[in-house]
Amino acid sequence: MAREHYPTTAEVIQGARLLTLRYPRLCRLRAVGRSRAGRPLLMLTVDQAEGGSERNALVVAGPHANEAAVGGATVLRLAYQLAAEREGGHGDGTAWHFLLCIDPDGAVLNEPWLRGPYTLRGHYEHFFRPCAAEQPEWLPPPGAPDASLPETRALLGVLDALRPVLQCSLHGIDVGGSFVQLTSDIPGVPARIGKSAAELDIPLESGSSDAFQWPSPGPGVYVMPPDGDPATVGDGANSTWAHARRYDGVTAVVEVPMWACDRTADISPHPAPDHALRVAGAALRRDLPRVARVLDHLDPRLVGADSPMLRTVKELVGIGPRLSADWDPAVRPPGALPLPPMTTARVTSIEVYAQRVPLRAAAMLRRVADVPRVTRLVDEWCAAYESAYRPRWVPIADQVEQQARSVIAVYEELRT
């Protein structure tokens, strides 16, 4: 029996090409742009056999470089399913379009991890995630010049051309649970993803720090507040997720974990939330400066190099002091929005976040400068991460299945 593995970007492209050969009347593969390094941005379309389609749905894989592998696998899983259905005459008038990877340059930097071992330490041995300005889904601030990244321009061009009824952005997290963020409430979605998660033994992230102040119509589902609402706290409102709204389209951001943490699904009241949040905030403000001190003592010629790893490390250590301002009672500004009820799930999600961010910074710095001091930080923090949350590996097939079922659930409930 073959060992399970995540596909590389090249393997996803090969799978898409094979699909077009198997279903030439239904499938086509084309470039919609090029990355900063000149790699093609490829889109696979599964359409009706004759006469075209009445509407479009778009699925975007790899918006974050460290999440590209599971998204690529999900794209192939969905495309093969939909092509087989249409070959059997079961199309419903929707053409499905799959961006195989919107950040192929970043995905390549994570690919050494795909060979395994699939351990938390192995994951961070080869970790990369670009700084915010180099992530294709984020748009420039209102009033700023047009999007500078060719990947962002390509994605906007696809959205403007397709005007999709649904856009799904495929994401993943290292430790936590599965959840979906929506730009509009869609009744029926919470029950559907909850049933699937239970069948696959994946917890629902029922208090995600990514959507801390967003309404939640059910466990594992969050709805982006309207533009301008302070509860959006920046994430989402100025993104390609919100761009689809101008065409009355809905965006679903689908997250699945590599390692499950069952506490992220526990909606019971946390026994001591104030203390836990203060400890998490203090740890974040303590650990990021430890990375900064290593950075300060490196060879200036190395630190000054034009490296995407270093750009992210510098961003993380620079914004560290304000990362906890939304939830840490010790530093929350006067007049801040009241905290939601602090369940065990919500506190756990914040605690995971507070450990994840410094670990990411240290892991990327280690790839640039493999010096004992930074390697010790990565080893120490990976061990602490595992000790704190006892994460259990979610088989890749189950990660892909949960992501694919979530996409179909949102689509079918939207069309109901």
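# Reading loops, strands and rings

Tutor: Let us start with Asp201, which lies in the loop between helix H6 (189-200) and strand E7 (221-223); helices (H or I, at least four residues) and strands (E, at least two) are DSSP runs, numbered from the N terminus. This is a predicted model, in which local features need pLDDT of at least 70 and side-chain atom pairs count only at pLDDT 80 or more, while totals for chains, interfaces and linings use all residues. Residues are numbered from 1 along each chain as its sequence is written, and side-chain values use heavy atoms, with hydrogens and water left out.

Student: What is the phi of Asp201?

Tutor: Most residues other than glycine have a negative phi, and most peptide bonds are trans. Asp201, although not a glycine, has a positive phi near 60 degrees, and Asp248 likewise has a positive phi of about 60 degrees. Asp248 is found in the loop between helix H7 (240-243) and strand E8, and with a relative accessible area of 73% it is exposed (exposed means over 50%, buried under 20%, and partly exposed in between, with a 1.4 Å probe and protein chains only). As for the peptide bond, the one from Gly116 to Pro117 is cis, with omega near 5 degrees, and Pro117 is in the loop between helix H3 (104-110) and helix H4.

Student: Is Thr94 buried or exposed?

Tutor: Thr94, found in strand E4 (residues 94-99), has a relative accessible area of 0%, so it is buried. Its side chain makes a polar contact of 2.6 Å with that of Tyr411 (a pair of N or O atoms within 3.5 Å; within protein, one must be able to donate a hydrogen and the other to accept it, and residues adjacent in sequence count only if both atoms are side-chain atoms).

Student: How many aromatic pairs are there?

Tutor: A pair of aromatic rings is described by the distance of the centres and the angle of the planes. Rings of Phe, Tyr and Trp (its six-membered ring) pair if their centres lie within 6.5 Å; planes under 30 degrees apart count as stacked, over 60 as edge-to-face and the rest as tilted. By this rule the count comes to 13 aromatic pairs. One of them, Trp96 with Phe98, is stacked, at 6.2 Å centre to centre and 15 degrees between the planes, and both residues are buried.

Student: Why is the pair of Tyr385 and Tyr389 edge-to-face?

Tutor: Their planes are at 85 degrees and their ring centres 5.9 Å apart, so the pair is edge-to-face. The two tyrosines are separated by about one helical turn, because they are 4 residues apart in helix H12 (residues 372-389).

Student: Which residues have the most contacts inside the largest nonpolar core?

Tutor: A nonpolar core is a set of buried Ala, Val, Leu, Ile, Met, Phe, Trp, Tyr and Cys residues joined through side-chain atoms within 4.5 Å. The largest one has 59 residues, and Tyr6, Val291, Trp327 and Leu365 have the most contacts inside it. Helix H11 (344-368) is among the elements that each supply at least two residues of this core, and H11 gives the largest share, 12 residues. A second, separate core of 41 residues includes Leu44, Leu182, Ala197 and Val410.
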